[in-house]
Amino acid sequence: MRSVEEVVGSECDVQWGNGTSRRLVVRADQLGFGLTETYVQPGSESYLRYDNHQEVCYCVSGSGSVETEEGVFEIKPGTLYAPGVGEPHILRSQHGMTLMCVFSPALHGSETHLLTPGVHSSY
């Protein structure tokens, strides 16, 4: 068992670039996947790409959008998105949002993005 309160302030409470990511399940847990509670800060725009992981994100609060080659898709509570491995996407939130994200394989726990406008960051 693990609670968010236990993760806050630990090495698994990461400023990922445009918000915070609380890594609740990491590679050391040996479950084959990872789980994060990720907060996307208001007014942010993040150019992302995951070359080494499959990611699935489910919005639990707030709102935003994700832009892919196929278009711009709104994100609100109850919305799930899953970019393909290596798929460039732009995550935006005007007012902030919280996502629950599953990674396969799991993150080590301390990864962070180096965000540069127009350049897709990956880990």
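Phenylalanine 103 is buried in this predicted model, with a relative accessible area of 3%; buried here means under 20% relative accessible area, exposed means over 50%, and partly exposed lies in between, with a 1.4 Å probe and protein chains only. Because the model is predicted, local features need pLDDT of at least 70 and side-chain atom pairs count only at pLDDT 80 or more, whereas totals for chains, interfaces and linings use all residues. Residues are numbered from 1 along each chain as its sequence is written, and side-chain values use heavy atoms, with hydrogens and water left out.

**The aromatic pair**

Phenylalanine 103 takes part in an aromatic pair with tyrosine 50, an edge-to-face arrangement with 5.4 Å centre to centre and 80° between the planes. Rings of Phe, Tyr and Trp (its six-membered ring) pair if their centres lie within 6.5 Å, and planes under 30 degrees apart count as stacked, over 60 as edge-to-face and the rest as tilted; by this rule the count comes to 1 aromatic pair. Tyrosine 50 lies in the loop between strand 4 and strand 5 (54-62) while phenylalanine 103 lies in strand 10, so the pair ties together parts that are 53 residues apart in sequence. Tyrosine 50 is likewise buried, with a relative accessible area of 5%. Strands, like helices, are DSSP runs numbered from the N terminus, with at least two residues (E) for a strand and at least four (H or I) for a helix.

An open sheet of 6 strands has the order 1-2-3-10-5-8, with antiparallel pairing. Strand 1 (13-15) and strand 8 (80-81) stand at its edges with a single partner strand each, so one side of each is left without a neighbour in the sheet. Two strands are said to pair if DSSP finds at least two bridges between them. Strands of a sheet pair through backbone hydrogen bonds, either parallel or antiparallel.

Within this sheet, strand 3 (residues 34-40) is joined to strand 2 (residues 19-25) by 6 bridges, and glycine 19 stands opposite valine 40 in strand 3. Strand 3 is also joined to strand 10 by 7 bridges, again in the antiparallel sense, with glycine 34 opposite phenylalanine 103. In a regular strand the side chains alternate between the two faces of the sheet. In strand 3, the covered face consists of Gly34, Thr36, Thr38 and Val40, and the uncovered face of Leu35, Glu37 and Tyr39.

Strand 6 (residues 64-68) is mostly covered, with 4 of its 5 residues buried. A hairpin through 2 residues joins strand 6 to strand 7.

| Strand pair | Bridges | Bridge partners |
|---|---|---|
| Strand 6 and strand 7 | 5 bridges | Threonine 68 and glycine 71 |
| Strand 6 and strand 9 (residues 89-93) | 3 bridges | Valine 66 and leucine 91 |

Isoleucine 75 and valine 14 are 61 residues apart in sequence and 23 Å apart in space, C-alpha to C-alpha.

**Surface and backbone details**

Valine 102 belongs to strand 10 (residues 97-104) and counts as partly exposed at 34% relative accessibility. Together with Leu31 and Phe33, Val102 forms a nonpolar patch on the surface, with about 240 Å² of accessible area in total. Patches are made of residues with over 30% relative accessible area and no salt bridge, like charges being joined within 9 Å and nonpolar side chains (Val, Leu, Ile, Met, Phe, Trp, Tyr) within 5 Å. Accessible areas come from the Shrake-Rupley method with a 1.4 Å probe, and for residues only the protein chains shown count as cover; a salt bridge is a side-chain nitrogen of Lys or Arg within 4 Å of a carboxyl oxygen of Asp or Glu.

Glutamine 30 lies in the loop between strand 2 and strand 3 and has a positive phi of about 55° although it is not a glycine. Glutamine 30 is exposed, with a relative accessible area of 70%. A cis peptide bond, with omega about -5°, joins serine 104 and proline 105, and proline 105 lies in the segment after strand 10.
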